[in-house]
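Let's take a friendly walk through one protein model. Have the sequence and the 3D view ready, and look up each part as it comes up.

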Amino acid sequence: SHRVLAIRRGEAEGMLIMRIVPEESGALEILRRMFVKSPSSPCGKQVEAAVEDSYKRLLSSTTETYMRLEVKKRADEEAVKIFAGNLRELLMSSPLGRKNVLAIDPGFRTGCKVVCLNRQGDLLHNDVIYIGQSDLREKEAETKIRGLCKMFEIEAVAIGNGTASRETEAFVKRLGLPSSIPIVMVNESGASIYSASEVAREEFPNFDVGQRSATSIARRVQDPLAELVKIEPKAIGVGQYQHDMNQKQLTEALGGVVEATVNKVGVDLNTASASLLEYVSGVSKTVAKNIVAYHEENGTFRNRKQLLKVAKLGPKAFEQCAGFLRVSGGDEPLDATGVHPETYKETGMLLKNLGYSTKELSKEGFKGISSKITDYKKLSEELGIGEITLKDIVKELEKPGRDPREDLPKPILRTDVLEMKDLKPGMKLKGTVRNVIDFGAFVDIG
């Protein structure tokens, strides 16, 4: 698919000529068999001449047009599939978690933008340091970073992988920060698009694009999914030749991937942004903004039922979205799980049958509860719910509100490979797969 799109790009640029035509003698033979019934008669010879003329003058070019469209269609389908797969993997990246993060958006001439965020992702401080310009400025930068790490109790350092990223990484490693502070190289694709967007302007009206970009880099470490949903999927940069694909098909496929991922992971009702909420099933852009507004006006959501008080979120929308929205530490322990409110009664009955109660449910869940059920079919009939639904409920009770991303490897944190000359034959390196295409993969090894 990528080869076809690359050839078409070359053709559009006037560098290549592409032809898709069947071999002429074979094509004519097929047509003769179809239309020339008596080749030796005068009438048959006229029909044969008409066949040859029609193929050379009309049919060959029509066939080529059809074949070009067909090849493009197949290439689009395959490329969109690869693009969607890459996006899914990126969105499902394991979060480093709630940590105080210092993030650096590298730069030479204008300096490196530095921000410090707390565990909730709030921007506490922003600054600028200059690397590689003079010894004096570099000494100032060293003092500043060490001071910020101490002042804000920094637990991780994130560095964008754009221009000057390697120099910035080498600079941070020279500081001799405690080994407990990991240094994370962050793929900053789309961060500049986010920083100039309406969403970023609403979040940080008094900051410039560099400071917004650095903040986005920090939050991508804390929770990649929550930050990446603020950027149009096509701008995240996980595919090639995206502008040569069928744009409607690509947009629909990528939107579907984001929605499926957000719903699979689940969303914390009290911390989610409107950008994240709008991907939840049954929640429109307007309703997402209304949820955030309700939270700001009335404080923390205590239970899922409060959603029904949100403007334009009626019973039907509640039915669709409630199971994907979580309320931790609220009035109802089941609100912190993926169990839908419609089945709370049956879940209570299930727990009672097994000797537990909903009030006992904690973050640790009821370990080993599945081993107490011998016949799911019989139990589902007794409770009046489907067998699959019952299994899902049991899974949630064992690991309430479990984030499926936790099972995936954490971000690769340190590497001593900074330049090509650091590579030696036979070395074994851990890397991050950045992009998969139909002829291989791009792996970031540091």
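The tour below goes from a sheet to salt bridges, then to a hairpin and a loop residue.

This is a predicted model, in which local features need pLDDT of at least 70 and side-chain atom pairs count only at pLDDT 80 or more, while totals for chains, interfaces and linings use all residues. Residues are numbered from 1 along each chain as its sequence is written, and side-chain values use heavy atoms, with hydrogens and water left out.

**The sheet and its helix**

Helices (H or I, at least four residues) and strands (E, at least two) are DSSP runs, numbered from the N terminus. Two strands pair if DSSP finds at least two bridges between them.

Ala158 has Val184 in β5 as its bridge partner. Contact means heavy atoms within 4.5 Å.

**Salt bridges**

Side chains of opposite charge can pair when their charged atoms come close. Here a salt bridge is a side-chain nitrogen of Lys or Arg within 4 Å of a carboxyl oxygen of Asp or Glu, and the count comes to 27.

| Salt bridge | N to O distance |
|---|---|
| Glu11 and Arg68 | 2.6 Å |
| Asp127 and Lys144 | 3.1 Å |
| Arg33 and Glu29 | 3.9 Å |

Glu11 in helix α1 (residues 2-12) and Arg68 in helix α3 (residues 42-91) are 57 residues apart, and their pair links distant parts of the chain. Asp127 in strand β3 and Lys144 in helix α4 also link distant parts, 17 residues apart. Arg33 and Glu29 both sit in helix α2 (residues 24-35); being 4 residues apart, they are separated by about one helical turn.

How open are these side chains? Buried means under 20% relative accessible area, exposed over 50%, and partly exposed in between (1.4 Å probe, protein chains only). Arg33 is exposed at 57%, while Glu29 is partly exposed at 35%. Lys144 is partly exposed at 31%, and Glu11 is partly exposed at 23%. Salt bridges that share partners join Glu29, Arg32, Arg33, Glu48 and Glu52 into one network.

**A hairpin and a loop residue**

Further along, β8 (residues 432-437) and β9 (residues 440-444) run antiparallel, joined by 5 bridges. They form a hairpin with 2 residues between them. Val436 has Ala441 in β9 as its bridge partner.

Where is Lys312 found? Lys312 lies in the loop between α12 (285-298) and α13 (315-321). Lys312 is exposed, with a relative accessible area of 68%. Leaving aside neighbours within four places in sequence, Lys312 is in contact with Thr286, Val287 and Asn290. The C-alpha atoms of Lys312 and Met18 are 54 Å apart, with 294 residues separating the two along the chain.
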